[in-house]
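Thanks for coming, everyone. Please take a moment with the sequence and the structure before I start.

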Amino acid sequence: MRVLMVSDVYFPRVNGVSTSIETFRRTLAAHGVEVRLVVPRYGDEAEEAGVVRVPGRPVPGDREDRLVGWRAMQRAVLAAAQDCDLIHIQTPFTAHYASLRAARKLGLPVLATYHTLFEEYLQHYAPFLPGAWLKGQARAFSRRQCNALDAVVVPSTAMRQRLETYGITTPLHVLPTGIPLGQFAGGDGSLFRLHHGIAAERPLALFVGRVAHEKNIGFLLDALLHARKLTPELLLVVAGEGPAMNDLKARVQSLGLGESVQFIGYLDRRRELPDCYAAADVFVFASRTETQGLVLLEAMAAGLPVVALSEMGTTDILEPGRGAFSPVAEAQAFGEALGHLLKRPAAWRHLADEAPVFAREWSDTAMAARLAGLYRALAGLNLATESPLTAAA
């Protein structure tokens, strides 16, 4: 079976969508699915078999992302889809419309993964517009797009429930992105600490992700003030880059946390990130808009206990007794939980023991098998060895 995945974003742009595409592309092969990609060109990326790059220009105000040409994307998708069985859309911009047009012209089934809850994001980027109006527009936009498809994949139960309230009638399939468990185990934490000038004995809390306002990193800074009362030497390491970097650095200084927060930028996922996870004592996360929260599972696979808010997509991961603790969504409560965990590590050791065991339930191979089954059901092929995940009841 051959599937065409189409996206407005892909590596070298690092984010959850790129990670999801690459994870499934790599693991679906073992289940008899060949994945072909149509994605943006960011610069001088090397030619790669099965990957079609479409030229684009930087998005105004965000040089990390690309706007691809409408006609160029249409031509690329139509040409790449000629001998495919199905089209899988990964983003709701040019990729969506080019894919939908090609699918209808070629008579192919088409589905999309709904990665981003736009109604919660737009207010951060257009604060001058009424929030209620923005949310209404985002919901209507998503409803029109999703109801034009044959199926929609959502990464969490909470996302499915939210989309149901939009009036989406297309079948919704809860199917998270899995993680490559072995990639995050066995990192060299001592080497990472040495490289970044962090004392071997210093308590270290880690955040990994895009440094953007919707990630709620400011909440972690407020919580850090309370955690330091119990663990004065605590260091918060923020791994990632993004548009909120300057604002957060200014806030760190205004809160007097200059010696307690270290921004280290993007890390190479295969070499540096495993070492970073291994160097930490706990993973912290406060986003309220995540559709899944892959980084929580990465941290757990590395043996890290997690302290995080249980909101939206992270709720499926943050189960009691499964390697994580979810305080109430108040900075003081969060900070006190974090401080107690680091002050009495022996009492919380069970979380570190549970985390990698739980992470194995979210392996990339298991999720790929489920997605392959869904593909075959949509394409009408009788080749499935796994049943597709059932649609929302």
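Where is the place of proline 155? Proline 155 lies in the loop between β7 (151-154) and α6 (157-165). Helices here are DSSP runs of H or I with at least four residues, strands are runs of E with at least two, and both are numbered from the N terminus.

A word on the source. This is a predicted model, where local features need pLDDT of at least 70, side-chain atom pairs count only at pLDDT 80 or more, and totals for chains, interfaces and linings use all residues. Residues are numbered from 1 along each chain as its sequence is written, and side-chain values use heavy atoms, leaving out hydrogens and water.

Is proline 155 buried or exposed? Proline 155 is buried, because its relative accessible area is 6%. Buried means under 20%, exposed over 50%, and partly exposed in between, with a 1.4 Å probe and protein chains only. Which residues does proline 155 contact, leaving aside neighbours within four places in sequence? They are Tyr114, Val174, Leu175, Pro176, Thr291 and Gln292. Contact means heavy atoms within 4.5 Å. Threonine 113 is 42 residues away from proline 155 in sequence, yet the C-alpha atoms are 7.9 Å apart.

Now the whole protein. The count is 14 helices and 14 strands. Buried residues account for 54% of the 393 residues. The radius of gyration is 21 Å, and that agrees with a compact globule, because 393 residues would give a value near 21 Å. That radius is taken over C-alpha atoms, and the globule rule is 2.2 Å times the number of residues to the power 0.38. Along the principal axes, the C-alpha atoms fill a box of roughly 65 × 50 × 45 Å. Take contacts between residues at least 6 apart in sequence: 69% of them join residues at least 24 apart.

Next, an open sheet. Its 6 strands run in the order β11-β10-β9-β12-β13-β14, with parallel pairing. Two strands pair if DSSP finds at least two bridges between them. At the edges sit β11 (261-263) and β14, each pairing on one side only. Inside the sheet, β12 (residues 282-285) pairs with β13 over 3 bridges, in the parallel sense. There, phenylalanine 285 stands opposite alanine 308 of β13. Helix α11 (residues 294-301) packs on the sheet and touches β9 (204-208), β12, β13 and β14.

Phenylalanine 285 comes up again with threonine 314. Threonine 314 sits in the loop between β13 (306-308) and β14 (324-325). Threonine 314 counts as buried because its relative accessible area is 0%. Beyond residues up to four places away in sequence, threonine 314 touches Phe285, Glu290, Gln292, Gly293, Leu296 and Leu309.

On to a hairpin. β3 and β4 pair over 4 bridges in the antiparallel sense. Proline 58 faces arginine 66 of β4. The hairpin has 2 residues between its strands, and glycine 61 takes a positive phi near 80 degrees.

Both strands meet helix α2. In α2 (residues 70-80), the buried residues are Met73, Gln74, Ala76, Val77 and Ala80. They pack against β1 (2-6), β2 (34-41), β3 (51-59), β4 (62-68) and α3 (94-106).

Last, the cysteines. How many disulfides are there? The count comes to 0, taking a disulfide as a pair of cysteine sulfur atoms within 2.5 Å. Cysteine 84 is buried, because its relative accessibility is 6%. Cysteine 146 is buried too, at 5%.

Definitions and conventions:
Axes are lines fitted to C-alpha atoms, for helices over the stretch in contact, and angles run from 0 to 180 degrees between N-to-C directions.
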